[in-house]
Amino acid sequence: MSTSVFDQMLSRYPTGTKDDLHNAIIEVMQQIVLAGLYRGNFFHKAAFYGGTCLRIFYGLQRFSEDLDFSLLQPDAHFNLERYFDAIIEEFRALGRDVTINKKSKTGETTVESAFLKDNTQIFNLQFSTEKRIKIKIEVDIQPPTDFSTEYKLLLLPFSFMTRCYSPSDLYAGKMHALLFRKWKNRVKGRDWYDFEYFVRNNTPLNLQHLSRKAEQINGINPKEFSREVFKKILKERIESVNMEMVKTDVRPFLKNPQEMEIWSKDYFLQLIEMIQFSK
């Protein structure tokens with residue numbers, strides 16, 4: 001009976017291709033992790049944010065790989081590992097065994113996280129029998145200020161609430177990644193897809209939270225980070241990007257890649273003029 005719950009969750013997704021099946025299994029695993037964290041009372045201390053939060057709770061039409069969390073208050077002594085038993089037990093109840101290992105931050109990757117700080121805790125979760133299926137879990141234990149949260153409902157593997165960043169603050173986090181992520185050898189096209197999503201949905205951008213992230217991580221004075229400065233940096237980012245690399249990166253995560261046909265530098269420059277700001 002327990003195994004059928006996992007299969008029931010998986011059956012909600014199209015699995016006609018290898019990419020489809022891979023994305024579906026990842027998302028089911030992500031939801032099981034959230035359920036385990038809920039049982040462990042994790043969301044009393046932390047909130048969910050990032051692309052996967054947008055995907056699961058706010059209708060983003062692309063798949064996402066990582067689970068990103070932020071403490072509600074800075075806590076240098078926070079230890080995510082105390083919640084591992086609850087996560088592992090949640091998978092075991094559904095007939096799946098997983099391992100969770102601490103990820104080394106010594107090596108450089110092709111895409112450097114824009115918000116990855118020295119005290120960010122990072123772990124990899126994977127099936128014991130399928131090593132290629134992997135989820136990265138990050139927790140910011142020294143979060144920037146000026147964000148709000150709300151509780152969102154999931155019905156499987158059982159009914160529970162997940163504490164999430166509000167849409168305006170999710171927007172701020174995504175724009176910080178878009179502005180300041182180091183591209184190295186590969187552009188992260190998912191940031192661009194999410195930017196389009198926020199503009200399309202008239203989500204107001206919390207510039208204050210964005211400026212706090214830019215101050216904490218990039219050393220930018222928040223008093224100098226006006227709307228005009230933000231737009232200037234964004235325009236420079238758009239002018240310098242390789243749009244074909246953007247499309248190539250995000251394509252495997254989309255149900256309908258044809259929606260990117262309109263994407264160009266001019267398209268994203270026009271999106272800038274449609275950005276809404278929170279008051």
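Which is asparagine 202, buried or exposed?

Modeller: Asparagine 202 counts as exposed, because its relative accessibility is 53%. The cut-offs are under 20% relative accessible area for buried, over 50% for exposed and partly exposed in between, with a 1.4 Å probe and protein chains only. Keep in mind that the model is predicted: local features need pLDDT of at least 70, side-chain atom pairs need 80 or more, and totals for chains, interfaces and linings use all residues. Residues are numbered from 1 along each chain as its sequence is written, and side-chain values use heavy atoms, without hydrogens and water.

Where does asparagine 202 sit? Its place is the loop between α6 and β8 (204–205). Helices (H or I, at least four residues) and strands (E, at least two) are DSSP runs, numbered from the N terminus. The backbone deserves a look too. Phi of asparagine 202 is positive, about 55°, although the residue is not a glycine. Most residues other than glycine have a negative phi, and most peptide bonds are trans.

Asparagine 41 also has a positive phi, near 65°, and is not a glycine. Its loop runs between α2 and β1 (46–49). Asparagine 41 is partly exposed, because its relative accessible area is 43%. A peptide bond comes next. The bond from leucine 156 to proline 157 is cis, with omega near 10°. Proline 157 belongs to the loop between β6 (149–154) and β7 (160–165).

Helix α6 covers residues 189–200 and holds arginine 190. Arginine 190 forms a salt bridge with aspartate 249, and their closest N and O atoms are 3.0 Å apart. Aspartate 249 lies in helix α9 (residues 243–250), so the pair ties together parts that are 59 residues apart in sequence. Arginine 190 is buried at 7% relative accessible area. Aspartate 249 is buried too, at 8%. A salt bridge here is a side-chain nitrogen of Lys or Arg within 4 Å of a carboxyl oxygen of Asp or Glu. By this rule the count comes to 19 salt bridges. Side chains of opposite charge can pair when their charged atoms come close.

Other salt bridges share partners. Arg62, Lys174, Arg181, Asp191 and Asp194 are linked in a network. Arginine 92 pairs with glutamate 89, with closest N and O atoms 3.5 Å apart. These two are three residues apart in helix α4 (residues 84–93), so about one helical turn separates them. Arginine 92 also pairs with aspartate 97, at 3.8 Å between the closest N and O atoms. Glutamate 89 is partly exposed at 43% relative accessibility, arginine 92 is partly exposed at 46%, and aspartate 97 is partly exposed at 48%.

Next, helix pairs. Two packed helices are described by the angle between their axes and the distance between the axes. The axes of α5 (residues 167–180) and α7 (residues 207–218) come within 8 Å and cross at roughly 40°. They are therefore oblique; angles under 35 degrees count as roughly parallel, over 145 as roughly antiparallel, 65 to 115 as roughly perpendicular and the rest as oblique. In α5, Asp169, Ala172, Gly173, Met175, His176 and Phe180 make the contact (heavy atoms within 4.5 Å). Their partners in α7 are His209, Leu210, Lys213, Ala214, Ile217 and Asn218. By class, the contact of α5 with α7 has six nonpolar, four polar and two charged residues.

The axes of α8 (residues 227–240) and α10 (residues 265–272) come within 9 Å and cross at roughly 170°. These two helices are therefore roughly antiparallel. Lys231, Leu234, Lys235, Ile238 and Glu239 of α8 meet Lys265, Phe268, Leu269 and Ile272 of α10. That contact has five nonpolar, no polar and four charged residues.

Asparagine 23 is in helix α2 (residues 18–39). Asparagine 23 is buried, because its relative accessible area is 8%. Setting aside neighbours within four places in sequence, asparagine 23 touches Phe63, Pro252 and Phe253. Glycine 16 lies in the loop between α1 (2–10) and α2. Glycine 16 counts as exposed, because its relative accessibility is 72%.

Note on methods:
Axes fitted to C-alpha atoms, helices over the stretch in contact; angles between N-to-C directions. Nonpolar A, V, L, I, M, F, W, Y, C, P; charged D, E, K, R; others polar.
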